[in-house]
Structure formats: C-alpha cells, structure tokens
Amino acid sequence: MSSYVEMKARVEQDSFDELLKRVKDLTVSDGTVSVQQDTYFHSTKGRLKLRQHVTGDERTDGGRLYFCDRRNRSADGTQTNSFRMAEVSDADSLRAVLDEACGTIGCVKKKRFLFQIGNVRIHVDQVDNLGNFLEIEVNLSANETEEDGRETAKDLMHRLQISDDHLVSRSYLEMLSNPSAQTVSMTLS
C-alpha cells in the first residue's frame, strides 16, 4: 500500500483568492481544476470511496476506487494514511453494485484546484455545503519516514502562512455528517 501524510485547514471565502494566489506562486503553476464526486461505502475496516469526475451535470464514465486506512490524527495536526487505488471504467455500475452490497454512507462533491511540487499534492477545495479548504498530501517514498512527511507538510503550511491553530481534524464526510461539531476557520492576513 502507498502512504501519505495529510494536513487540512479551513479557509474563509474572503481569503480564498489570496490563498490560491499563494499556492500558485509557491508551485509556479496554475494547477489543474476538476469537479469530483466521492461516494463512500460501508466497509469492515478503513474507508471505501469511489471518485468520479463531473463535467456539467454529468459524471464521466470512469473513476477510481480507493481503499484508505486512516490513522488517528497526531497532535501536530498531521495524519498518515495508507491506500490502494484501482482505475474503474464503468463507475456508475460499480457505484450501484457497491451501494447494494455494502450500503452508501454519503457523498462529497467538490471543485478541486490541484497543484504538485515533487511528491507533494496541494489541494485547494470548494466543498459543496461545507466551504473552502486547503489540503496538503505528502506522498511517502520507500526511504521516507512519517516524520519526514510531517515536517514537509508543516513547512508548506508555514510557507503558505497558515498556523497550526487553523487545522481541521475531520474528513469532509465527517464534517458533512455532523456539521455542528467544532471546526476551526482561518483568515489570511
């Protein structure tokens, strides 16, 4: 299984454009933009998610099925995850089968601005019914430790001028399922 270290922060609407500019400057890239629909299914362990890309009101035929083993978030705001991924050619049919066999937990739809620096993916997300977020995912190579990934993620958060007290500890699905639970917001200066 592949592993990555993740950090996430909430971004207020009036800070969104400034954050996007900072990420573009840091990555020296305009990134790519996609609209994604993630459907989550019951699983005996970990998370089972089918990701489909959306164009207009239509989902594309293909997608990706992910199994993710999420570990508890560390005190420093990072979380290490291991995952497996499979490309899927008929995602709508697979979604129907998984819904019938496992049951659907929920769905998250978002517009994602994706940037990459080496082994790091930076997501600036606009999540339907939830708001705006920044995610940093440090993909760990065979010779990198979780601590290496944590340090890289924290360094990038610092370079983007985001303090630790702005981190969010829950997944989008968890926040949508329980919107009254506490989340921290940030405003860029």
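Strand β7 (residues 120-127) is mostly covered, with 6 of its 8 residues buried. Buried means under 20% relative accessible area, exposed over 50%, and partly exposed in between (1.4 Å probe, protein chains only). Helices (H or I, at least four residues) and strands (E, at least two) are DSSP runs, numbered from the N terminus. The model is predicted: local features need pLDDT of at least 70, side-chain atom pairs count only at pLDDT 80 or more, and totals for chains, interfaces and linings use all residues. Residues are numbered from 1 along each chain as its sequence is written, and side-chain values use heavy atoms, leaving out hydrogens and water.

Strand β6 (residues 104-117) runs antiparallel to β7, joined by 8 bridges. Two strands pair if DSSP finds at least two bridges between them. Q116 stands opposite R121 in β7. β7 also pairs with strand β8 (residues 131-139), again antiparallel, over 8 bridges. Here V120 has V138 of β8 as its bridge partner.

## Hairpin turns

The β6 and β7 hairpin has 2 residues between the strands. In this hairpin G118 takes a positive phi near 55 degrees. The β7 and β8 hairpin has 3 residues between the strands. There N129 takes a positive phi, near 65 degrees.

## Helix α2

Helix α2 (residues 91-102) has 12 residues. G103 follows α2, with a positive phi near 90 degrees.

## Cysteines

The count of disulfides is 0; a disulfide is a pair of cysteine sulfur atoms within 2.5 Å. C102 is partly exposed, at 31% relative accessible area. C107 is partly exposed, at 40%.

Conventions. The expected span of a helix is 1.5 Å times one less than its number of residues.
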